[in-house]
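This report describes one protein chain, starting with a question about a single residue. Look at the sequence and the structure before reading on.

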Amino acid sequence: MITSAQMRAARALLGIDQKTLAELSGLSVPTIQRMEASPGNVRGVVDSLTRVVEALEKAGVELIGEGARSSEGGRGVRLKSGPAGS
């Protein structure tokens, strides 16, 4: 699964906009917008989700699941569990 926050963070790390992600994944801009507007986990057609994940990974982003370790050791962003600052 991928969350809408992960999608936005991945785009920010890559320095790309929604249009570029749409082009990389072969989806429409409105589809990307709907995915990023989803609360929590992105909802959508499995094929569309797969295309986005593959496009982000091919562009150089490793998506890290909750509680998972990063296997690549590159830069990344992860939210801490619990309230901010704890």
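Is arginine 51 buried, partly exposed or exposed? The model is predicted, and in it arginine 51 has a relative accessible area of 34%. Arginine 51 is therefore partly exposed, as that value lies between the limits of 20% and 50%.

## The pair in helix H4

Arginine 51 forms a salt bridge with aspartate 47. The closest N and O atoms of the two are 3.3 Å apart. Both residues belong to helix H4, and because they are four residues apart, about one helical turn separates them. Aspartate 47 is also partly exposed, at 43% relative accessibility.

Side chains of opposite charge can pair when their charged atoms come close.

## The pair between helices

The structure holds two salt bridges. Besides the pair in H4, arginine 11 and glutamate 36 meet through their side chains, with an N to O distance of 2.6 Å. This pair links distant parts of the chain: arginine 11 is in helix H1 and glutamate 36 is in helix H3, 25 residues apart. Both of these residues are buried.

## The nonpolar core

The largest nonpolar core has 15 residues. Met7, Leu21, Ile32, Met35 and Val52 have the most contacts inside it. Helices H1 (4-14), H2 (18-25), H3 (29-37) and H4 (46-59) each give two or more residues to this core. H4 gives the most, with four residues.

Which residues does methionine 7 contact, leaving aside its neighbours within four places in sequence? They are Ile2, Leu21, Ile32, Met35, Glu36, Val42 and Val52. One of them, Glu36, is also the salt-bridge partner of arginine 11.

Key: Residues are numbered from 1 along each chain as its sequence is written. This is a predicted model: local features need pLDDT of at least 70, side-chain atom pairs count only at pLDDT 80 or more; totals for chains, interfaces and linings use all residues. Side-chain values use heavy atoms; hydrogens and water are left out. A nonpolar core is a set of buried Ala, Val, Leu, Ile, Met, Phe, Trp, Tyr and Cys residues joined through side-chain atoms within 4.5 Å. Buried means under 20% relative accessible area, exposed over 50%, partly exposed in between (1.4 Å probe, protein chains only). Contact means heavy atoms within 4.5 Å. A salt bridge is a side-chain nitrogen of Lys or Arg within 4 Å of a carboxyl oxygen of Asp or Glu.
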